[in-house]
Amino acid sequence: LFGLMNLSLMAIRGTQLITDTGFGPALIQRKGDFDEAKNTAFTLLAIRGVILAFVMIPIGYGMSVFYNQPALFPLVAACGLSFALSGFTHIGYTVAIRDLDFRKLALIDNTAAFVSFLAAVVIGYMYRSVWALVISFVVAAATKTVMSYVVQSTRLSWEFNRKIAAELLTYGRYIT
């Protein structure tokens, strides 16, 4: 069953690769005001995350048929939840990258890694199943998202500015 987890992660990483928007690097290099663009970027990334979470359902089904492994379908679909959770990460995480604020970045990433590790060990010990790894993967995304809000002081709102969205997409098209 652990080989199925590897296939699940392959599907997740492949989907990430071919759908990367490049919004983070676009915001980091943006010449204009960051605050002007943050809400549009947040909205677009959240929508992308939710869409990709749903896209992983047919991908998981197709993989389970292709590999003749019915257990693969729920694993891929469950791992896809990480897209939805990660899509809601505070855009301030990108600011921390831009500002080289390693304290914030370390706090967010290390907390997510520690909580994910604990989840994997506890659930793995209790159930001795590949689901411990799946849950750990999703918990890592959830923890990173929660921690991104804990360490940020700025508020986000749902906003869509067509001009800024076009600017971000234009920059990111080469990354994709």
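**A walk through the predicted model**

Asn-39 counts as buried, because its relative accessibility is 9% and buried means under 20% relative accessible area, with exposed over 50% and partly exposed in between (1.4 Å probe, protein chains only). This is a predicted model, in which local features need pLDDT of at least 70 and side-chain atom pairs count only at pLDDT 80 or more, while totals for chains, interfaces and linings use all residues. Residues are numbered from 1 along each chain as its sequence is written, and side-chain values use heavy atoms, with hydrogens and water left out.

Asn-39 is part of helix H3; helices (H or I, at least four residues) and strands (E, at least two) are DSSP runs, numbered from the N terminus. Contact means heavy atoms within 4.5 Å. With neighbours within four places in sequence set aside, Asn-39 is in contact with Arg-155, Leu-156, Ser-157 and Glu-159.

Thr-143 belongs to helix H8. Thr-143 is buried because its relative accessible area is 12%. Not counting residues up to four places away in sequence, Thr-143 touches Thr-111, Ala-112 and Val-115.

Phe-23 is in helix H2, which covers residues 23-29. With a relative accessible area of 3%, Phe-23 is buried. Apart from neighbours within four places in sequence, the residues in contact with Phe-23 are Ala-41, Leu-44, Leu-45, Leu-168 and Leu-169. For Phe-23 and Leu-45, the C-alpha atoms are separated by 8.1 Å, and the residues are 22 apart along the chain.

Rolling a probe the size of a water molecule over the atoms shows where empty space is left. The search uses a 1 Å grid over the protein atoms alone: a cavity is a set of points where a 1.4 Å probe fits but cannot get out, and a pocket is an open set with protein on both sides within 12 Å along at least five of seven lines. Lining residues have an atom within 4 Å of a point. Grid points are joined across faces, edges and corners, and a volume is the space filled by probe spheres set on the points.

The largest pocket holds about 780 Å³ of space. Its lining has 29 residues, and those nearest its centre are Leu-45, Arg-48, Ser-86, Thr-89 and Lys-144. At least two lining residues come from each of helix H1 (2-19), H2, helix H3 (34-66), helix H5 (81-87), helix H6 (92-98) and H8. H8 supplies the largest share, five residues. Sorted by class, the lining has 13 nonpolar, 12 polar and four charged residues. Here Ala, Val, Leu, Ile, Met, Phe, Trp, Tyr, Cys and Pro count as nonpolar, Asp, Glu, Lys and Arg as charged, and the others, Gly among them, as polar.

Lys-144 leads on to the salt bridges. A salt bridge is a side-chain nitrogen of Lys or Arg within 4 Å of a carboxyl oxygen of Asp or Glu, and by this rule there are two. One joins the side chains of Asp-109 and Lys-144, at 3.7 Å from N to O. This pair links distant parts of the chain, with Asp-109 in helix H7 (residues 102-127) and Lys-144 in helix H8, 35 residues apart. Asp-109 is partly exposed at 30% relative accessibility, and Lys-144 is partly exposed at 28%. Asp-99 forms a salt bridge with Arg-98, where the closest N and O atoms are 3.1 Å apart. Asp-99 is partly exposed, with a relative accessible area of 45%, and Arg-98 is partly exposed at 34%.

Most residues other than glycine have a negative phi, and most peptide bonds are trans. Leu-100, although not a glycine, has a positive phi of about 55°. Leu-100 sits in the loop between H6 and H7 and is exposed, with a relative accessible area of 56%. Arg-128 is not a glycine but has a positive phi of about 50°. Arg-128 is in the loop between H7 and H8 and is exposed, with a relative accessible area of 62%.

The last stop is Gln-152, in the loop between helix H8 (131-150) and helix H9 (162-172). Gln-152 is buried because its relative accessible area is 14%. Leaving out neighbours within four places in sequence, Gln-152 is in contact with His-90, Gly-92, Tyr-93 and Lys-104. The side chain of Gln-152 reaches the backbone oxygen of Gly-92 at 3.4 Å.

Conventions
A polar contact is a pair of N or O atoms within 3.5 Å; within protein, one must be able to donate a hydrogen and the other to accept it, and residues adjacent in sequence count only if both atoms are side-chain atoms.
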